[in-house]
Amino acid sequence: ADKVVFATNWKAQAAHGGFYQALADGTYRQYGLEVEIRQGGPQVNNRPLLPAGKIDFLMTGNLLHSFDNVKNGVPVVAVASMFQKDPQALMAQPGQGYLKFTDLTRAPVAFIAKDAQFSWWAWLKADYGFKDEQLRPYNYNLGPFLADKRSIQQAYAVEEPISVQKQGGFKPQVFLLADHGYSTYSTTIEARVDTVQKNPELVKRFVEASIVGWNNYLYGDRSKADALILKENPEMDAATLQQSVALMKELGVVDSGDSLKLGLGAMKPERVKDFYDKMVRAGLYKAGDVDLSRVATYQFVNQGLGLELKRKLTGGK
Amino acid sequence: MKSSQFIELKAVDRRYETGLLALEGVDMQIGQGEFVSLLGPSGCGKSSVLRLMAGLDRASAGEVLRKGEAARGPAGDTGFVFQEPTLMPWANVATNVELPLRLQGAPADSREKAARAALQLVGLGDFAESSPRELSGGMKMRAAIARALVTQPSLLLLDEPFAALDEITRNGLNEALLQLWKPKPRGAAAFTSVFVTHSIGEAVFLSQRVLVMSARPGRVVDEVEIKAAYPRDASFRQSKVYLQACARLTESLARASEETALG
Amino acid sequence: MKSSQFIELKAVDRRYETGLLALEGVDMQIGQGEFVSLLGPSGCGKSSVLRLMAGLDRASAGEVLRKGEAARGPAGDTGFVFQEPTLMPWANVATNVELPLRLQGAPADSREKAARAALQLVGLGDFAESSPRELSGGMKMRAAIARALVTQPSLLLLDEPFAALDEITRNGLNEALLQLWKPKPRGAAAFTSVFVTHSIGEAVFLSQRVLVMSARPGRVVDEVEIKAAYPRDASFRQSKVYLQACARLTESLARASEETALG
Amino acid sequence: MAEAGRQQRPAGRWLAPLLAVSVFFAGWEAAVRFWDIPPYLLPGPLLVLQTLYDNFGSLAGSWWVTVRITLTALALATFGGVALAGAFALSRWLEWSLTPFAVVLQVTPIIAVAPLIMILTDSASATVLICAWIVAFFPVLANTLAGLRSADAGLVELFRLYRASRWQTLRFLLLPTALPYFLSGLKVAGGLSLIGAVVAEFTAGAAGRNTGLASRILEAAFRTEIPKMFAALVLVSLTGVAIHLLFEALSRRLLRGWHGSEPR
Amino acid sequence: MAEAGRQQRPAGRWLAPLLAVSVFFAGWEAAVRFWDIPPYLLPGPLLVLQTLYDNFGSLAGSWWVTVRITLTALALATFGGVALAGAFALSRWLEWSLTPFAVVLQVTPIIAVAPLIMILTDSASATVLICAWIVAFFPVLANTLAGLRSADAGLVELFRLYRASRWQTLRFLLLPTALPYFLSGLKVAGGLSLIGAVVAEFTAGAAGRNTGLASRILEAAFRTEIPKMFAALVLVSLTGVAIHLLFEALSRRLLRGWHGSEPR
Ligand SMILES: Nc1ncnc2c1ncn2[C@@H]1O[C@H](COP(=O)(O)OP(=O)(O)OP(=O)(O)O)[C@@H](O)[C@H]1O
Ligand SMILES: Nc1ncnc2c1ncn2[C@@H]1O[C@H](COP(=O)(O)OP(=O)(O)OP(=O)(O)O)[C@@H](O)[C@H]1O
Ligand SMILES: [Mg+2]
Ligand SMILES: [Mg+2]
């Protein structure tokens, strides 16, 4: 079996479920891969490890990183997108008069993490009129948000709202950025260009096994994957995993739009271009900064893989 | 009677934390205005006695009385020339000498004047601005003497102040010290003085009374009164009183030293 | 002729960084095995001379020769009793005394034996395990003397080693020192010795030659040869040679001191 | 002060901090109850202790990981700092040449260089250790160096007189002289290596099983289990206090009897 | 060592570090070229300098923000550390009571307490400042305290003899004694307050206009503009070296002539 190291961008959680599924139920092994999953974390930066050759595949939050890679000549390319919608969201406490997404621009305080300040916050400012004055740093601690009823906060739609409900005892309003034009792909798999060119068959096996894993995780028996996640991340608990998966399904994070026809992992160049244009408008890039043809390769996805399996698991629904 | 004694040690023991018994049953009485010298072999406890008198140390047994009352810590009007110069290395000589006045809250100009006078007295007038490390051994000691004199204390404790000085300087300072102690030949003494020295001649020349201490543990083993009027000058060193006292002290010191055998 | 001189100072000046001229045109010749004493007023540059001889300091002008060759740093076989005891506070007395042997790489047991003997000699046999801060002033100085003797150096520089000691102890150590210097009455000297002291009597009792230095800037202003055989004992202090030398030295010291006026 | 130190007051030595800490905790608990502060903002000390007790099993494992990194980093920092200071004391040229690098190491934000170290060492635990070491070693170096330079001028002359080799001078004179400085640097480094171990784990986080307290703090914070976060913080604090007490005791033992700072 | 220090060698004092740093940079550049290391992994120093030059305008603004926080935090840490050490020296009870809190402050990961401070102060810049202060103050405290306790026993007796008040003893005896210790602590604190300013901005700094170097480093790292990240790091390092040189000079000036560590 080929030894492969795959790094995520966060501690093990339901949003990585498909990968752990493929590891736990032996799918990767069936594809001749011996996979090690390396967790990330709030201050852990696994990104340089990919071009350095220390890892083979990297899970990436959104396309901005891929744009930056191309812009800075880092020979890395996106090969699949496991999420059709980025779960990035803003959340607010209920009953504060935030009815529409645009109402959030009136919030006095917005808790936003550093990386977001460098990325989609600029887009929110450009397209919706949010202001820097609202900014407060978010260090993945909900206390300040819970303490300030009028504040809003960034949220990973399948994580923080669950915690808020547990801690604050209320269900927060969640506004998914993807529903308001933030059209990036998410939870993409990146590989080195070099690997794609010299060993496309390895990439193909990893992508396909991951797609199988995600189908099984969403629609099949998750128990082994959940057990592995709980083991890797002792702070996680079964109830949260349960709720996260429900949210992923409800919001269509993984499986919606293109993936319904093309299978999980689907990516379309048009959507990549659309997102890039928005980011240019937000001032993050200049037109022509990035050669979009090198951002992603579509050869490993969009082939309907996994649709059959999904049908089998869901009983043809 | 009681009140005429300035300092009294009554059956004083001093046992150090190491277990060493430095003083055992020491009795001493120093009258107001008296000039008393202490002689004794090296390590017999002379410095220990001075520290008790200054209130810097406590007796393990017995009593130390100052003006009839139990001494509890330093009294504040004591000048003390320690056996080592003990100067502040970061300050120049003048600042070092001024220190006691500064601690007593004296204004800057009077401090300065007093310090200059004291330095002049010990022959360091030109070195007021020098740092202590630029002084020779004897000059450091003289700076310490100037510091002890600068406050015009009512009790002056001197622990071998002149040991590092040549005989000429030493004699000069002896006379200067007596001059300060008894400015007018028949007048009252300006302060009480307890003087530790290793020079028998110096002890006799300066004091009204000389006490001899025995080797460890220290006890007072002899007491010689020097019956001669002040001012005493160089000719006193030829007098019979002087020579007799010296002879007697040499002898009792020899007896007191017997225990400290030398290889 | 040249080779018979152990140490020579030729027209040596020493000007300190402060601009003070401590020594000016000093000429000295110390023969192999000689015992020479240095007298002079406080601050005249005696310690400075010893430091030059030890190779610890450099002349600003003139030459310092050791065995006919220009001295470049310490020679390694010199014992030096500094004016201050200079003991390592973190080590006990025995370790302090052993230090020179340790630095010369002597094995532990011979170090220990030599240190014990040296401590016995200065009367500190019982204090080998004590920490320096538990010693009296005189005892510290004696520990420093033991340390200087422990290597059996070929040159011994002594900067007022006995100033802090009572006369009995001092006389005892004087005799012990002479005994070490000339073990056999008619034999060769075991080492060359330069001795700084403020006691004229001590200088005369110990030395073959006494040099007198003038006040700042230091120069050699008198030289007295003491023509008396060794061993000298207490009776020598009554001899005519002794008394005459003392008288002459007292006089030249007084002249040398004139410049250091005392208030 | 020496005056106060002349008599030992072991009662106050323990009573005072206990009292102060008790008062602090009581005030904290009272404040939490009085203003009804929700536990996700600031849990009361009782709740924190309860949480600590409940989670002790899982926290103890992480604690041990952090302690191991801390002690290893501290040992390396101590050794490296002293060795470098010694080398500097032996050769001024070496000191002049290497000081800039030492300073740069001290002021480099490890969050920025952690990935680089990661790439070079290829091991998360080595990265954490190196990061913690970087944080802790400078105080030892700076203090030991200052101490090595404080030797008594008279003793330096004594060593020169006997032509002590540089090594002997270092061994028998400079190092004992530097001891009080070194010990003070050690107290600083003790705390820093702990904080270094925590911060390094934040940034270079050894994933998976061997997670230290840093991961627990982050996780708890992330999941807004603030009492648990405080429980982990309490463990970190207690560890820091323990290290400090250890070095206080060491300092008292080593300096007693000869250095002004520790009267017998 | 005093021996080496007797003659000033100002040439070597500057030549040695320049040479060492040049050799280091040359080696770095050579390595980058020889192994053909891509700039997104490790840019060569020439590229970093070029980037620094190209972005100087924007980086200089951030640099100034960081420097301001650093200097303010350092001033507060110095003042706080010395004041607390002085208070401890005046009262052993105070020392015993408050030491645990000082230690806890030192070992508390600021990432964990930043949100709490944020809530209490309600101001990002105040939070950053407090965090940087927390990081920097302990070395000043620990070192000054060790220094205050090092007074010469003879001088302590002298002050007792004249019944100096505690305040006088502190002012005229203990503080001068502590100076060399304090200065060594200052060197450590100088670096730490810089790193504290950076780390505090990482965790507590808001983006927007007034961002310091930390944000630039993070942003560059996030956007894989590694040469720019290194350019910002170089600025941090240079600042650290400048602070260190400043304190070296201060130390030389204040101690020259009386303390063993700085021969005249
Ligand atoms: N702090 C101390 N701890 C333990 N023992 C001490 C201490 N100070 C002095 N001693 C011991 O007490 C004895 C008397 O010491 P002291 O200094 O009083 O002698 P001294 O008469 O002044 O001697 P010297 O003439 O040599 O100065 C000595 O044996 C000394 O070792
Ligand atoms: N390091 C120094 N820097 C500046 N001046 C110094 C230094 N050392 C000594 N001096 C000066 O040089 C002169 C001679 O000093 P030295 O110590 O040689 O005198 P000394 O003859 O030994 O005196 P004493 O008998 O008092 O010990 C003095 O005036 C002293 O102030
Ligand atoms: Mg004494
Ligand atoms: Mg001298």
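Select ligand 1 in this predicted model, and then display the 23 residues around it, of which B:Ser47, B:Ser48, B:Gln83, C:Glu134 and C:Ser136 come nearest. If you colour the shell by residue class instead, you will find seven nonpolar, eleven polar and five charged residues. Helix H1 of chain B and helix H4 (137-149) of chain C each supply at least two residues of this shell.

Next, look at the contacts made by oxygen atoms of ligand 1. One lies 2.8 Å from a polar backbone atom of B:Gly45, another contact, at 3.0 Å, involves an N or O atom in the side chain of B:Arg216, and a backbone N or O atom of C:Glu134 is found at 2.7 Å from a ligand oxygen. Taken alone, ligand 1 exposes 630 Å², and the protein buries 90% of that.

Now select the magnesium ion, ligand 3, which is coordinated by OG of B:Ser47 and OE1 of B:Gln83 at 1.9 to 2.2 Å. B:Ser47 lies in helix H1 (residues 46-54) and B:Gln83 in the loop between strand S6 (78-81) and helix H2 (93-103) of chain B, so the pair ties together parts that are 36 residues apart in sequence. B:Ser47 is partly exposed, at 21% relative accessible area, and B:Gln83 is also partly exposed, at 22%.

Finally, move to chain D, where an unreviewed UniProt entry lists transmembrane regions that include residues 167-183 and 229-247. Residues 167-183 are 100% helix, with end C-alpha atoms 21 Å apart, while residues 229-247, also 100% helix, have end C-alpha atoms 27 Å apart.

Conventions
Residues are numbered from 1 along each chain as its sequence is written. Chains are lettered from A and ligands numbered from 1 in the order in which they are written. This is a predicted model: local features need pLDDT of at least 70, side-chain atom pairs count only at pLDDT 80 or more; totals for chains, interfaces and linings use all residues. Side-chain values use heavy atoms; hydrogens and water are left out. Donors are N, O and S atoms within 2.8 Å of the metal (3.2 Å for Na, K and Ca); water is not among the atoms, so sites may look incomplete. Helices (H or I, at least four residues) and strands (E, at least two) are DSSP runs, numbered from the N terminus. Buried means under 20% relative accessible area, exposed over 50%, partly exposed in between (1.4 Å probe, protein chains only). UniProt positions are given in the numbering used here, feature names are shortened, and annotations may be inferred rather than shown by experiment. A residue is near a molecule or strand if one of its heavy atoms lies within 4 Å of it. A polar contact is a pair of N or O atoms within 3.5 Å; within protein, one must be able to donate a hydrogen and the other to accept it, and residues adjacent in sequence count only if both atoms are side-chain atoms. Accessible areas come from the Shrake-Rupley method with a 1.4 Å probe; for residues, only the protein chains shown count as cover. Ala, Val, Leu, Ile, Met, Phe, Trp, Tyr, Cys and Pro count as nonpolar, Asp, Glu, Lys and Arg as charged, and the others, Gly among them, as polar.
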